[in-house]
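Let's take a walk through this structure, one piece at a time. Have the sequence and the 3D view ready.

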Amino acid sequence: MVLYLDTETTGLYPGSICQLSYIMQTKENTVAKNFFFSVDYVESGAYMVHGFSVPILRELSNGKRFADFIDEIEQDFLSAEVIIAHNTAFDFSFLRTEFERLNREFVPKREFCSMKKSISILKILRSNGGYKYPKLSELCEYFCIPNWTIENKCEKLFGEMKGFHDARFDTTALYLAVNEGMKCEENFQVLKNCL
């Protein structure tokens, strides 16, 4: 099973995850899950990106915290042959922090960073030389995946979303881009063995 995930967080430094979305894909089916978590604070910079405030998150989560869902999340992650994120260093650092708070370990069997794997595919030049880390939107653009396609698939999988920087939308964009990559890009084809 391949698990695609994205997080929205309380800030850049590993504090708390306020939204976690993931898609679990096997040869037989695809299952999507979304969680909102009640948190004690959200940095203003993070709020400007995703629009989730402490009161909004309390309402969306029904007051539930990451700890309330840890057993389900951990079981899903342990079932995955590979866990994919667009920036594994960022998302995984927050996941490790959340797991450690609950005296558990977040240790994927295998990880796949679509951001790093797509550097040599997109070859977007930096101003000071070399290639930059592509944004998820740039990866989708490369594979000709328009926003309306992501929105339609996201609604089918999750039922709703609000666009980029809603973890449901970003996870769906990741899922679609990586599946396109598996069809034609050598860097992504290794994932076929996990399905």
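Keep in mind that this is a predicted model. Start with helix H9, which lies across S1, S2, S3 and S4 and runs at about 145 degrees to S1. Another helix, H4, also lies across strands: S1, S2, S4 and S5. H4 runs at about 80 degrees to S1.

So what is the order of the strands in the open sheet? Reading across its 5 strands, you get S3-S2-S1-S4-S5, with mixed pairing. At the edges sit S3 (30-36) and S5 (111-113), each of which pairs on one side only. From one strand to the next, the twist averages 20 degrees. Look at S1 and S4 (residues 82-85): they run parallel and are joined by 3 bridges. Here Leu3 stands opposite Ile83 in S4.

Now back to H9 (residues 167-184), and its meeting with H8 (residues 147-158): their axes come within 9 Å and cross at roughly 110 degrees. The two helices are therefore roughly perpendicular to each other. Among the residues making the contact are Ile150, Cys154 and Leu157 of H8, and Phe169, Ala173 and Leu176 of H9. By class, this contact has 8 nonpolar, 3 polar and 3 charged residues.

Finally, find the largest pocket, with a volume of about 640 Å³. Of the 24 residues lining this pocket, Glu8, Val49, Phe90, His165 and Asp170 are the closest to its centre. S1 (2-9), H1 (44-50), H4 (88-101) and H7 (136-142) are the elements that give two or more residues to the lining. That lining divides into 9 nonpolar, 9 polar and 6 charged residues.

Technical notes:
Residues numbered from 1 in each chain as written. Predicted model: local features only at pLDDT ≥ 70, side-chain atom pairs only at ≥ 80, totals over all residues. Heavy atoms only, no water. Axes fitted to C-alpha atoms, helices over the stretch in contact; angles between N-to-C directions. Helix = DSSP H or I, 4+ residues; strand = E, 2+ residues; numbered from the N terminus. Parallel < 35°, antiparallel > 145°, perpendicular 65-115°, else oblique. Contact = heavy atoms within 4.5 Å. Nonpolar A, V, L, I, M, F, W, Y, C, P; charged D, E, K, R; others polar. 1 Å grid on protein atoms, 1.4 Å probe; cavity = no way out; pocket = protein on both sides within 12 Å on 5 of 7 lines; lining within 4 Å. Points joined across faces, edges and corners; volume = space filled by probe spheres on them. Pairing = 2+ DSSP bridges.
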